[in-house]
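Welcome, and please load the model in your viewer. We will go from stop to stop, selecting a few residues each time.

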Amino acid sequence: MKKITFIGAGQMAEAIISGILNQGTFTPAAIYATNKGNPDQLRYLKATYDINTSEKTQAVVEESDVIVLAVKPKDKTEAITSIKPYIKRDALVISVMAGVETATIEGLLSQPVKVIRLMPNTSAKVGLSATGLSRGTFADDEAVRLATTIFEAIGSVVEVDEQDLHAV
């Protein structure tokens, strides 16, 4: 069973967690959420969805096959540099950070990691998101299929060139 970790546990992370649980894409035992500075939100997610939560980001990232970067764009550098030594070589890093290009994420990771950027919209909360997907340099078709499966739990997904992502 693949493990997925959410770095950032806000509204978009919750929408995705709810969707993947409703679709059976992951079990609660395979889902981890972490954030900095909001233990109440982690307690809420644990109580509501019975997922794993932790304030020890490094430990959960080491065990994860999929890492979803769901932090505010201004926090990208701190979030990515704090986890990069712990990311498995074959892990998939998914970003839902608005305006942060895959090249920026790859540069911060400074290693050949599969990165996919997805832009869901607010309709994700009700499973009706139209999500644009763009792949980074190292993301292969298998990574795209996995990301698509995850995000189809909250609506439709279409792969586009990254420069077209904002239009989606």
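Start by selecting Arg135, Asp141 and Glu159: salt bridges link these three into a network. Keep in mind on this tour that the model is predicted. In total, eight salt bridges are counted.

**Stop one: a link between distant parts**

Select Lys36 and Glu78, whose side chains form a salt bridge at 3.4 Å, N to O. Distant parts of the chain are joined here, since Lys36 sits in the loop between S2 and H2 while Glu78 belongs to helix H4, 42 residues apart. Lys36 is exposed, with 56% relative accessible area, whereas Glu78 is partly exposed at 48%.

Now pick Arg43 and Asp40, another salt bridge, with 2.3 Å from N to O. Both residues belong to helix H2 and are three residues apart, about one turn of the helix. Arg43 and Asp40 are both exposed.

**Stop three: neighbours with unlike surroundings**

Select Lys74 and Asp75, whose side chains meet in a salt bridge of 3.4 Å, N to O. Are these two buried or exposed? Lys74 is exposed, at 67% relative accessible area, but Asp75 counts as buried, at 18%.

**Stop four: helix H1**

Move on to residues 11-23, which make up helix H1. Its 13 residues reach 18 Å from the first C-alpha to the last, close to the 18 Å expected at 1.5 Å a residue. Colour the buried residues of H1, among them Ala13, Ile16, Ile17, Ile20 and Leu21. Then show what covers them, including strand S1 (4-7), strand S2 (31-34), helix H2 (39-49) and helix H6 (141-151). After H1 comes Gly24, with a positive phi near 75°.

**Stop five: helix H5**

Finally, select residues 102-109, helix H5. Which of its residues are buried? They are Thr102, Ile105, Glu106, Leu108 and Leu109. Look down the axis of H5: these buried residues fall within an arc of 160°, so they line one face of the helix. Their cover includes helix H4 (76-83) and the strands S4 (66-69), S5 (92-95), S6 (114-119) and S7 (129-135).

Technical notes: Residues are numbered from 1 along each chain as its sequence is written. This is a predicted model: local features need pLDDT of at least 70, side-chain atom pairs count only at pLDDT 80 or more; totals for chains, interfaces and linings use all residues. Side-chain values use heavy atoms; hydrogens and water are left out. Buried means under 20% relative accessible area, exposed over 50%, partly exposed in between (1.4 Å probe, protein chains only). Helices (H or I, at least four residues) and strands (E, at least two) are DSSP runs, numbered from the N terminus. The arc is that of the directions from the helix axis to the C-beta atoms. Contact means heavy atoms within 4.5 Å. The expected span of a helix is 1.5 Å times one less than its number of residues. A salt bridge is a side-chain nitrogen of Lys or Arg within 4 Å of a carboxyl oxygen of Asp or Glu.
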